[in-house]
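Please work through each task before reading its solution.

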Amino acid sequence: MNTPSFSDCVKKLGVDEQYVLPIGRNKAKISLDVLKQPATPGKLILVSAITPTPSGEGKTTVSVGLAQGLQAIGKKACLALRQPSMGPVFGRKGGATGGGKSSLTPMEEINMHFTGDFHAITSAHNLISAILDNAMFFRTINIDERKVTWKRVMDMNDRSLRSIMVGMNKQGFPRETGFDITPASEIMACLCLATSYKDMEDRVNRIVIGFTTDDKPVYAGELGITGSVMALLKDALMPNLVQSLEGVPCFLHGGPFANIAHGCNSVLATKMALHFGDYAVTEAGFAFDLGAEKFLDIKCRQAGLSPSAIVIVATARALKMHGGAALADLKNTDVDALKKGLANLDAHLDAATNYKRPVVVAINKFFDDSQEELDAILEHCKERGVACAIADIFSEGGEGGRELAQLVVEAADTPSPEFKPLYETTLPVIDKLNAIARNIYGADGVELTLAARKRLAQFEASGLTDLPICMAKTQNSLSDNGKLRGRPSGFTVTVRDFEIANGAGFLVALCGEILRMPALPITPNATKIHLDENGNVIGL
């Protein structure tokens, strides 16, 4: 496949060169000033998926393939996607730029340092950490060192850093803290929800970094370094422009995880895709219960966005796993297991009805799928009255996404009522939690541990709870128990603690054993990557 030149992509996009800041030959930053130019916004398409399994669902592959399919049927499409974190790249998941003929380029650069955004976010976050520790040393800030909530971050999976002691030298005072992974940083969340430099500055100022001895919140703005934080983030706040193998422009920007953060690319990238495309294809992390719910209840609420259609990705392989088939047996035709697994698809389709948007199911075709299994999915969707198409986009690229693209255009052209989130932010926190757990997860309700109730009382006393909820929950199940596949029932979601992301504008509910610093598997992907004699990266 001959990928169009990057200059051709820029011309196709129609962006004035004064707003393009090239970085090498195949990527660029786009100035925020481009959004000040008049334009008729396109239609927003949200791509989500069923509950992920080790077999892989290929949500990013379908997002890219759908955009290429839209291009193939004569539509002007743009992508707005998240940047990969090096944690999963070198850990268990590997790269995150799509697959086969539905991929982004330059793949190796995107999956590693790219344009340095994650490094800038890491530096900005850790600058706050260093200045905070310095302010506590000199007693220039009123904060209880036992109630510091601001940790440090790095963009790597490292379980040994989850809990550490700092201040172990003669000049310091020891205290326990730890590292989160960079995608879990509130700086990342702020960057992805900010609409301008001023908005980002305001968000940094209102980040809660800890509490005083009498439980009053202490804000990052009190450190007096917001200007320096913004200087580090100056370029990182500008969306990155790359392209797909077939030349579809992609604004690739931001990368919070959906199981520990809100899981969406930046608002600025999404608005740029809407600014330049008739159709803007975006995705949210993991399944509908995590990324899509947060996209709709956090991102759309804050940014005034309204999706025209929702795509839910499913695979025969994943549905068989949800129906009880073992990973080793997925190459074997097993229609009975697949039909049982369709309950998981139904759960996400039912959840999507809460937002009153047309839904299309995309069957991401694998080379060893049997026609009998694919027909079973098609028939099930037909019985439910849901549009469905087989997307052979890994092997065929845009040509294999034509039917899906046509269905998405028809869905997006269907009039929808005014968009409304699932709940009002002014409701009591327990009511917001129950709304998500019951309507999206299918749970009987929510329970709070004693520690969670105590933390919530602290936040309520400080006026920090009239915010959307960001659920930190396992991605492997609709429940908070990652071992329960399919469509669990008769369960209660347990919230063990809360964290406040006041700058980002949401309250984080920690469920189950979810951790904000992932670990590496016994054989990390880092063991499979190397350079060849010509300096090419092999193994990604």
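**Exercise 1.** Determine whether Asp 215 is buried, partly exposed or exposed.

*Solution.* Step 1: the relative accessibility of Asp 215 is 30%. Step 2: buried means under 20% relative accessible area, exposed over 50%, and partly exposed in between (1.4 Å probe, protein chains only). Step 3: Asp 215 therefore counts as partly exposed. Step 4: phi of Asp 215 is positive, about 65 degrees, although this residue is not a glycine. Step 5: Asp 215 is placed in the loop between β11 (208-211) and β12 (217-219).

The model is predicted: local features need pLDDT of at least 70, side-chain atom pairs count only at pLDDT 80 or more, and totals for chains, interfaces and linings use all residues. Residues are numbered from 1 along each chain as its sequence is written, and side-chain values use heavy atoms, leaving out hydrogens and water.

**Exercise 2.** State where Phe 286 lies and describe its phi.

*Solution.* Step 1: Phe 286 is in the loop between β15 (279-283) and α10 (288-303). Helices (H or I, at least four residues) and strands (E, at least two) are DSSP runs, numbered from the N terminus. Step 2: its phi is near 55 degrees, a positive value in a residue other than glycine. Step 3: with a relative accessible area of 21%, Phe 286 is partly exposed.

**Exercise 3.** Identify the geometry of the peptide bond from Thr 105 to Pro 106.

*Solution.* Step 1: omega is near 5 degrees. Step 2: the bond is cis. Step 3: Pro 106 belongs to the loop between β6 (102-105) and α4 (107-111).
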